[in-house]
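Student: I am new to this structure. Please show it to me, then let us go through it step by step.

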Amino acid sequence: MFYIFCPYCGEHREEEEFHPKGQAHISRPADPEATSDEEWGDYLFFRDNPRGVHHELWVHAVGCRKFFNITRHTVSYEILEVYKMGEQPSITAEHYAAQQGAASADKERNASQAKHQEGVRA
Amino acid sequence: MSQPNRLKTGGRVDRSRQLTFTFNGQRYQGHPGDTLASALLANGVDIVNRSFKYSRPRGIVAAGAEEPNGIVQLGSSEAGQVPNVRATQQALYQNLSARSTNGWPNVQRDLMGLVGKLGGQFMPPGFYYKTFMAPASMWLTYEKYIRKAAGLGRSPTENDADIYDHRHQHCDVLVVGAGPAGLSAALAAGRAGARVILVDEQEEMGGSLLSSRESIDDAPATTWAEKVLKELSALEDVTLMPRTTANGYHDHNFVTLHERCTEHLADIAPHVGGRRQVRSRMHRVRAGQVVLASGAHERPLVYAGNDVPGNMLAGAVSTYIRRYGVVPGNRLVLATSNDDGYRAALDWSEAGREVVAIADARQNPDGELVEQARAKGIRVIAGSAVIEARGDKRVAVAKVAKIDIEGFKVSGPVEELACDTIASSGGFSPVVHLASHTGSRPTWNEELLGFVPSPVKGMTPTGGAHGVYALGKVIADGFKAGSAAGEACGFERQDASLPKVDERREGAAVALYQVPHQKATLRGPKQFVDMQNDVTAAAIELATREGFESIEHVKRYTALGFGTDQGKLGNINGMAIAARCLGRTIPEVGTTVFRPNYTPVSFGAIVGRHCGELFDPERYTAMHQWHVENGAEFEDVGQWKRPWYFPQKRRAENGERLETMHEAVARECSAVREKVGILDASTLGKIDIQGPDAREFLGRVYTNKWAKLAPGRVRYGLMCKDDGMVFDDGTTSCLGENHFLMTTSTGGAATVLEWLEIWHQTEWPELDVYFNSVTDHWATMTVTGPEARKLMAELTDIDLDKDSFKFMDWHEGNVAGVPARVFRISFTGELAYEINVQANYAMHVWKKLFAHGDKYGLTPYGTETMHVLRAEKGFIIAGQDTDGSVTPEDLGMHWAIGYDKPNSWIGKRALTRPDTKRTDRKQMVGLKPKDPSVVLEEGAQVVFDPNHAIPMPMKGHVTSSYYSPTLQSGFALAVVKGGHQKMGETVYLPMVDGQVHEAEIVSPIFLDPKGERQNV
Amino acid sequence: MSNAQQFDTRPAGEHASEIAVESPLAYSMHRSGAPKVKADTRVTLRERAFLGHLTLRGGAIVLDEALRDVLGMSLPGEPLGLVQASFDGPAGECSIQWLSPDEWLLIVPGGEEFDVERRLREALGDAHFAISNVSGGQTLLELKGEAAREVLMKSVAYDVHPRHFPVGKAVTTVFAKASVILRRPSEERWELVVRRSFADYTYRWLLDAGEEFGIGVER
């Protein structure tokens, strides 16, 4: 059960108030008639399924009825950010990977320090 | 005096009061404060169950949630039956009635035990799979007997007499476990002002403090616990919940708690003041921070015969003595790998009973508790272990020998010690279950010889849950965790004012899991790892030899940890044995993950009040009471209760009888076709659309044109998804130049509104338009049939002349004195008026229509008649005649497709994809059975050649099928490949019973193709 | 002008008073009854039927201005806000609550909704807005008493602790398996705005949840 921050209501709400609507930032081709069958097929049927950072469209269905975007980690289920329609994510897969690289280096450093202290955990 | 094992003093039971209970039909006495397990031990009951697979006698092993054997069936009446109760967690109450869950005819004299003895060596892991696999047809027979022999209790055959419910909780800090760490953590967070929930699964809060030998601030540990609990209960925003198990830890700090509200009082909740009480309650907690203070479970040592009653955990022995005033035997042998186990021997000795010897696996045990034991004159045999317990229904002899742990062998002569109890301690396993529910795998810590939780966001383990065991350190660690959790929620850090606890000098523990025996594991006597599932060390070794190397595979092959106890005692030992056999370390073998629930939860608590009449919302229209009073049968349409048909009384031989559905529908259909009928159509979705771009928006979401629809006019529209497939339809009326009222199907109301919003909010925010649901505001009644105009004329001031109020017009005026919008749209093919009034006045209008309608034969009709009438006209129902794979062209509705509209409306582009242009798509047609008495089955498959070998190529299927009293024949709508080009051809519908129906492909419009009846 | 069609749904004229009107709970009261308020009642339920409910859509600035013109009250300044004011007419009070960034619920005394809508439409002129009369589609239930919060904790996942749900807050949320607008107009009073078709389910749920607190229904 996710706990989702609605950017319009300005607070966290229970998952049961929301509906997921699939991958975010799928925009309809401006001139559908100008697209090839393949391009139109891609727009209709093909979605990403990443292990890691994913941008999703959600709606606060039992709430303010507004659509917004969520950047979510598909392994940890952590919601990394929410942002309104028309806005761009500040956390992307590339950005996240770089951040995690730095963090895990930190963690190793901390862990080796902790071993020397009178720690209770390794 | 009964209760031979009850001490005269000590413990937290109230000896001044007696409680009578029965176990397997035998009456016993216990006291308030007892668990069923402590009372059974007090009464000297050794055998509480028979084992799952081998039917061996089993006794109480533990004192808490980790108990594998003491699983009982509770309940003195059928409705109050509760399966699967752990005796160690069940508080004793007056007249408690419990039975063993296994054992036939009874646990003392068990026939299945013979199977265990004789068949024992022939029942390796995979026994059932290997033995009963063939022939497959026999499995049902085998299963019946296997289940009878196995089983962990039974469900009641009567309805549960109790109620259960849910409660939603929110807090800053949830502390799981009210032992020293949890109490201390709750104190720190509570003092900071945080909203704190402290839960503990036991009857009384305090955890290990309730059986501790140690002092805090120079007083018994329980005194400190009482003091802290007093302070906590005085804090307004701290909630204390005893008898409550945190069972599931879900994403984003969502934790489910199971509170047993009355299970300590009776098997059926007593009424208070004439009102029902809930038996148990599920709390759904959203916590800012979780402090996991779930403590640690002691690990038993795995030696031969370790399942004979009288083999217990060392810590449990201490708990029974110190907390319940029960010494579970007379002569004790203790087997341990660490200092902590010595508490059992000291407590035993202080209770005045004999400690025969302590077999300590360490070469030079020298901790403080070891010295205390030696000072009492207890014999300590260093470097040794109990390698085997002997005894039939109770331990009689402990075989002790020197062992070589590294070499996994017995290294000295075997000494046989007469005793009736063997306590063992192989160290502690932190209770990491909750921490791993969200997917985080625990990490092995070689110093602690246990798995500790891996990081989980928003969760802090403390105390025994991450391997801090010394009391003083536990309290400090808990305080630190509680303070940090409070701080993470925005409260101030709390300075610790910690109580004084004397530090105990402790000797190092040694890693011992399975104890070597003189015989090799596969040939020696059984050494049990998982007692609930009868998994032995040999079984695990065999599994590894058969090639199961992953611990997840070993688990599934042997059933290790699959019991209701989820392997709380056995898992780590099992992994250690697998590691030994595979020549790997424990972290290399890894651990399995734990899933919710930590302990079993009754279905009632999961369901809560969502049962019976409250199972799901029932939505009613404003005329519902009339429908009920007029005998309507109801149909569920989404959550709506819609009248299905209105059976009338008919004269029969013996008085009266109700019409069958067939009779009622025939009568209702004829009334509409010949006179006038009325339908409650209030459930249709209604969306009020306003704004200067409303018209443009409609043009984009509907397949047809909206640019020229004038105020006062109504139009039918089809909606597609962008893949070109129809997903809803309905009429939309122009109320004003910038104002429209859209109707949707009953089931599609919410979906369509969300559909409009998603396009507006994500693709076309520049369009100035708003959508509001007005479904519930209006009540809708359809008056339809040749006499409809006459009836309406009696009640309305609206000019009903066919030239001033034309088909597909709407007018406003009064109907029965109530302002109404009346729409001339028809779903029956007859002259029809859809009257919309504000719902609060609907019943008045409805009743007035009937007051005037009698002379015209006004007949209420339900959804079944509505379906027949619309199908005769070939009108589709989205979701019944379409299934997300049908285009407007497939439906033959070219007239509703505006290919030349200026915008690329939703679905248009997809209609030119090669797949949607195929001529052999399934297309909507009518089917006329050759035999008019046949009503084809909905869903029946259409084939072209009934003589084709099976499997026949399937060419389509029936989507709607009814008997038409007007046509005097069955008829159907169907989708058939290339059907539009096959008019007049014969198709076949083979049925399950071998019959093959013949039908002719015809136009889906069976009645009045020119629409002359509705356009009058 | 907005080119929208406004429609007065209330009967007028000399026979208007003869027309039976039924609140969304009429059937439920008939079917499930209404337990009386007793000495040990810790929570009471009351339906405030037949109020005027208007959904307002549009930009906050123009709506705020029109509202001040017509009713002398402002839109709530924050999301999830609820503002109450006395109504300058024959009866009582009115309230306006935030529903979404471009949506508000205005509740006025019953019978005033048509006139209020008309005046708002006039005041709003050519602005882009929408007003929908939903008076027949929903009803307002009132919960009072010391156990009201506990009844809500059994019914909604939303946090109703006073720290999180102060007076003047209003949210749309899940109620059991339906949805509800939950409002806190004063310390001792909670309000539920319920859709007509779900009113019976909600009523039954509340009676059941309130049973342990001796719930009573004021009529």
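Tutor: A salt bridge is a side-chain nitrogen of Lys or Arg within 4 Å of a carboxyl oxygen of Asp or Glu. The model is predicted: local features need pLDDT of at least 70, side-chain atom pairs count only at pLDDT 80 or more, and totals for chains, interfaces and linings use all residues. Residues are numbered from 1 along each chain as its sequence is written, chains are lettered from A and ligands numbered from 1 in the order in which they are written, and side-chain values use heavy atoms, leaving out hydrogens and water.

Student: How many salt bridges does the rule find across the interface of chain C and chain B?

Tutor: Take one example: the side chains of B:Glu618 and C:Arg204 meet at 3.4 Å, N to O. Across the whole interface of chain C and chain B, the number of salt bridges found is 15.

Student: What area is buried between chain C and chain B?

Tutor: Buried area is the accessible area (1.4 Å probe) that two parts lose on being put together, summed over both. The contact (heavy atoms within 4.5 Å) takes 64 residues from chain C and 67 from chain B. Carbon and sulfur atoms give 49% of the buried area, which is about 5,700 Å².

Student: Are the residues of strand 5 of chain B buried or exposed?

Tutor: Helices (H or I, at least four residues) and strands (E, at least two) are DSSP runs, numbered from the N terminus. In a regular strand the side chains alternate between the two faces of the sheet. Here B:Ile71 and B:Gln73 lie on one side, B:Val72 and B:Leu74 on the other. Both faces are covered, and these four residues are all buried.

Student: Which residue of strand 7 of chain B is the bridge partner of B:Val72?

Tutor: Two strands pair if DSSP finds at least two bridges between them. Three bridges join strand 5 to strand 7 (residues 96–100) of chain B, running antiparallel. The partner of B:Val72 is B:Ser100.

Notes: Buried < 20%, exposed > 50% of the residue type's maximum accessible area, 1.4 Å probe, protein only.
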